[in-house]
Amino acid sequence: MEYIIAFLVGGAICAIGQLIIDTTKCSNAHLLVGLVCLGAVLSGLGIYEPFQEFAGAGALVPVMGFGSSITKGMLSELERLGWEGLFTGAFEITGLGLAAGIVFSSIWALLRKPQK
Amino acid sequence: MSNRLGSQTLTFSKVPRLLSSYTIVGPLEGKGPHALDFDEILPDDVLDQKTPEKTERLILEMAIEKTLQQSNTKIEDVHFLIAGDLLNQITSSTLAASTYAAPFLGIYGACSTFAQAMGLGATLLQGDFAEKVLIGTASHYQTAERQFRYPIELNIQHISSNHHTVTGAGVALLGFANQGPQVTHATFGTIVDMGLKDSQDMGSAMAPAAFSTIKQHLKDTSRGLEDYDMVLTGDLGKHGRKMLRLLLSKEGFSGLERLQDGGSQIYGDHQKTGAGGSGAACIAVMGLGYALNMLKSGKARRILVVATGALLSALTVLQGESIPCIAHAVALEA
Amino acid sequence: MKPQEYQKLVQDNSPPRPIFKNMLWAFFVGGVICTVGQVVLNIASKVENTKAEASAVTLAVMILIGTVLTAFGVYDELAEKGGAGAAVPITGFANTMTSAAMEFRREGVLLGMAAKMFVIAGPVIVFGILSGFIVTLIKVLILKLL
């Protein structure tokens, strides 16, 4: 069941994204930035966590999850450290993904060439 | 000023001719409907070079060598080398030209470079400033993509108005001889800017430039489209081609069936290249391949080659400038 | 013809995009990627102790998958069909980094690969942090005042 929910929710977010690209002047970059901001705001309003609880990877994997993780990290660090948390929190949860992206990307860039 | 016709057209009474030419295309173009028109089809688009920029330079050099070979000409006998490409500071052409001792004129006209070079070459010959002029252009899918668009492997969905830059090079040697296709006229275009800003649809932006140059050429020479067996536009693509037809038919031109477009025709529909080919090499290989073969085989007596260029840069697009466009025409006769 | 007239002519004559077909493909491709994510998440939940750790591991694995598919030239083909379905998941985010790193590697490891790795992913991170910062700040201020 949770696979079906992840498929439907994740697919729906992507389909709406595609609709925005095809009907407005937005490019991919605009769409991704918009979704990240939306995720961050929804997390601040406390909506994204229950949504992720329900949809699992369907809410985690789309890039909105990245924005929500930033806010979540800031809020938890804020509680732990005080105001410094506003600055250390951004990479609290997302740091792992970013570091993974940097490491893997560097390795592949050294090993492979773009191909056509 | 006896060599001028009307306001923009030059006539060449001394009959400059194409002594020899050579076209090279990449593997994708080699699978297209015009594969048989090209002299050489590359097995891959890297050729063991470290960067695609090096490959672009190499194929231009290969085309120059072969062109000279075909007419048994030494580079010392070439009085001018006129070349251009799409890259910043036309580096492929300048690097290639550094191999040769001929005086070098580097020009930039984006995808219109080829006709600009041919027109200038014929002008130098007409003016007795040269006996032999070598002209050439090259472009490469990967170099253009990274300069004007995105990394090759990026998750981009191409739309129907996107162009695919042609990998290839076309070089021709102009001079005087008793036979061979001759360059009779050249019409250098003015910049036409209709305020279009969508770099994803360059065909529609370039169509008014092609229209303006064709109209001026026909007016200056008192000809109609019917006087040409073929009017080959550069790389308007499927969208731009449609817009050009609309513009011409709105002004009451007849003979639209003579219009063909290099960009729309270089790839087959199954090749998923959006609106079609573009790039400095597109009209060079179609003009020196397809059009020249039509003249040589007698299928056409007189052809007008109209190369169109969208003179945008990656910076001006981001800064919200519109796309200035240009078209140059050269008339060829068997 | 005036520029405005021509612009209108272009607009009237541009063929419509296949919106429905594109959306269907985006739904399918995006859905499949998220389902794969769910499989990874379920496995990670068994290995890891907390939910946060499981999510983090899932994201790292998805990023690895995205970079591998990019390095072998599959991801751009996936995007050609799937459009936003390939761009919106975190695998697409990884693709922007790997594709830029591979593309600009030729200009050197330092000034090419490293400097340009975030040329497309950069805005996402910048605006993610800015919006997160503002939202968190507002939330804290409101809680303090109440």
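Author: Here is a short tour, starting with the ground rules.
Author: This is a predicted model, where local features need pLDDT of at least 70, side-chain atom pairs count only at pLDDT 80 or more, and totals for chains, interfaces and linings use all residues. Residues are numbered from 1 along each chain as its sequence is written, with chains lettered from A and ligands numbered from 1 in the order in which they are written.

Reader: How many residues does the contact take from chain A and from chain C?
Author: It takes 59 residues from chain A and 59 residues from chain C. Contact here puts the C-beta atoms, placed from the backbone, within 7 Å.

Reader: Which helix gives the largest share on the chain A side?
Author: That's H1(A), with 17 residues of the side that touches chain C. By class, that side has 39 nonpolar, 16 polar and four charged residues. Nonpolar is Ala, Val, Leu, Ile, Met, Phe, Trp, Tyr, Cys and Pro, charged is Asp, Glu, Lys and Arg, and the others, Gly among them, are polar.

Reader: Over to chain C. Why does the end-to-end distance of helix H8 agree with its length?
Author: H8(C), residues 122-145, has 24 residues, so at 1.5 Å a residue it should span 34 Å, and its end C-alpha atoms are 35 Å apart. The expected span is 1.5 Å times one less than the number of residues.

Reader: What covers the buried residues of H8(C)?
Author: The cover includes helices H2, H5, H6 and H7 of chain A, together with helix H6 of chain C. Among the buried residues are C:Val124, C:Gly128 and C:Val135.

Reader: Switching to chain B: is strand S7 mostly covered or uncovered?
Author: Mostly covered, as eight of its eight residues are buried.

Reader: Which strands does S7(B) pair with?
Author: S5(B) runs parallel to S7(B), with six bridges, and S9(B) runs antiparallel to S7(B), with eight bridges. Pairing takes at least two DSSP bridges. B:Leu81 stands opposite B:Leu134 in S7(B), while B:Ser139 has B:Gly168 in S9(B) as its bridge partner.

Conventions:
Helix = DSSP H or I, 4+ residues; strand = E, 2+ residues; numbered from the N terminus. Buried ≥ 20, exposed ≤ 12 C-beta atoms within 10 Å, placed from the backbone. Contact = placed C-beta atoms within 7 Å.
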